[in-house]
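Here's a quick tour for someone meeting this structure for the first time. Have a look at it, then read on.

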Amino acid sequence: MTVLERQRNTVPRSGTRRRGSPRGSKWTPYLFMAPAAVFILVFQGVPLVQEIFLSFTRTSLLNPTRSTWVGLDNYTRIFGDEDFHRTLLTTFIYVIACVVGSVGAGLAVALLLNRGFRGRGWARALVTIPWAAPGIAVALIATWMLNPDYGIVNRFLETIGLGVPGGAILDSPRYALPAILATTIWQLFPFTSVVLLSALQAVPPHLTEAAMMDGAGRWWTFRAVTWQVIKPTIGLLALLMTIWSLRRFELIWLMTKGGPVGATETLVIDLYSQAFDSKQLGSAAAIGMVGVVVSLIVIAGSRFVARAAEREAR
Amino acid sequence: MRPLRIGLTMRILAVLVVLGVAVFPLYWMIVTALSSNSDLFAEEARLVPDFAQFGVFIDALAEGKALGWLRNSLVIAVGTTALSIGLGIPLGYALSRFSFWGKAFVTVVLLFTQMLPEALMVVPLFSLFRRFDLLDSLTGLILVNSAFVLPIVALILKGAIDGIPRELEESARVDGARPLTVLTRINVPLIAPSIAATAVIAFFHAWNEYVFAVTFIFTPAIQPASVGIANFIGELGTPIQTVMAVAFMFTLPAVVFYLFAQRHVVAGMTAGAVKG
């Protein structure tokens, strides 16, 4: 509110009034944008250009002002590196699993909560809690729950007779990634389910009723009616989840730092440890650029698919 | 009659399972905070909070460190909210109401920023901050957090202004009001709910932010809670009950505010992403 009030007060109540040009001059929109544009330019534009430059140099974190231009060396090196291949594969698995898991779980929960029942409002509100919780707190409680000695997860697994060998899930190359995925999806499914719930409101009830009346089974009705209405929303969510998962940092970094032996190392984790552990700013920047290009390809691809679907619909 | 009953029971069970999964980790945070040492490390886990242990919350605050963290987070979050909305309203207005050369480009840039990871930008921002003497200051964090949340704030507010009929502005213009007056007098009051929703988004973006805070702040006294709590992970000196009590006090405001603003926040985030 303080912002609004301040802005209101700075507006002169009776300033110079111009008639005949009610829309202001042609510079008006630029003046409105200028402060925000300068801001984004300084804090995102300039650093991005610097990162692109860095990716073509060899630069140490210990002496960042001295860079040696090495051309495409960083790129050829990381693409020849087996560890980087594994990072790409881990990123791919992580992103796909996040998208499928969060959209799938979100859809299931949305369909469940879309039915009328007593206490539905409460249920919908409670379900959003994981998404509202800060990532730091989620990483902390997940790490505690997965603690090999006193964590509730291990105690539960032992009770039902499914002990994890060695007990330390986050230290196991086999179980660390699934544990991180479960935590990520737990945090994301409320968002996808709330968005899908509002998309489901647009499904005309008389159509589903008519389909059922015609003797269509539940599955067929879902595919022929519901799915057609929510398809664009599913596409949008898949795109959002992909982009968010490609840039997710805290949760993975705080739970495993990319370990054990690189089992949970995604592109962003790799780039951060290259910069701050190995102090190689050049290859860190190159890894980051690979991530940015992947995001760009995904966005371009999704627009292409959306256009094709539109043309088909016509 | 009978199959319907079974279906209904299954559905109620499913809803309860989903709710349990959604709520359990935060519930477990409370249980852990409110457990005595003997309960915590006992053979059998204690599954309900022991309210006799409530003093842990008071002790955590009285000790002073956690209170300082939360205060720093609050300063950063309030500053970020004010700055990003102050810059986002005029940007959203320009994108909504004017057609001008470069408009499509601006929209694409705003969407493009959504895919830049903080971890990528942290190195060049570090050198930028050193040059402008912004390292180790809350002001620096307010500036950078505002820049990162500004695009989504502007896109949501643009969508909100799109929804206001232009006719409402016309009469003010006929009276000779200037564009800025039209914006602050006519549009801003009408999009108040969307402003509130973006305020929640901006506030908790800054409240939760970790990467910049951990890299740019060196003095423990001005650390925000996200860094303080993250430092607990893997550290053994602090009792886990205190850790969970602090984490809970850090989490609670975020959850409560999202519950109130949920509908607007979700609508805003998808609208910002879809329509651009």
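A word on terms to begin with: helices (H or I, at least four residues) and strands (E, at least two) are DSSP runs, numbered from the N terminus. Axes are lines fitted to C-alpha atoms, for helices over the stretch in contact, and angles run from 0 to 180 degrees between N-to-C directions. This is a predicted model, where local features need pLDDT of at least 70 and side-chain atom pairs count only at pLDDT 80 or more, while totals for chains, interfaces and linings use all residues. Residues are numbered from 1 along each chain as its sequence is written, and chains are lettered from A and ligands numbered from 1 in the order in which they are written.

**Where the chains meet**

Chain A puts 74 residues into the contact and chain B puts in 77 residues (two residues are in contact if their C-beta atoms, placed from the backbone, lie within 7 Å). On the side of chain A that touches chain B, H2(A) gives the most, with 16 residues. That side of chain A divides into 53 nonpolar, 13 polar and eight charged residues. Here Ala, Val, Leu, Ile, Met, Phe, Trp, Tyr, Cys and Pro count as nonpolar, Asp, Glu, Lys and Arg as charged, and the others, Gly among them, as polar.

So how do H2(A) and H6(B) cross? The axes of H2 (residues 28-54) of chain A and H6 (residues 118-131) of chain B come within 9 Å and cross at roughly 105°. The two helices are therefore roughly perpendicular to each other (65 to 115 degrees; under 35 is roughly parallel, over 145 roughly antiparallel, and the rest oblique). Residues of H2(A) including Pro47(A) and Glu51(A) meet residues of H6(B), among them Met121(B) and Leu125(B). The residues of this contact divide into seven nonpolar, two polar and one charged.

**Spans from the record**

| Span | End C-alpha atoms apart | Helix |
|---|---|---|
| residues 92-113 of chain A | 31 Å | 100% helix |
| residues 224-246 of chain A | 33 Å | 100% helix |
| residues 105-129 of chain B | 28 Å | 84% helix |
| residues 182-204 of chain B | 30 Å | 96% helix |
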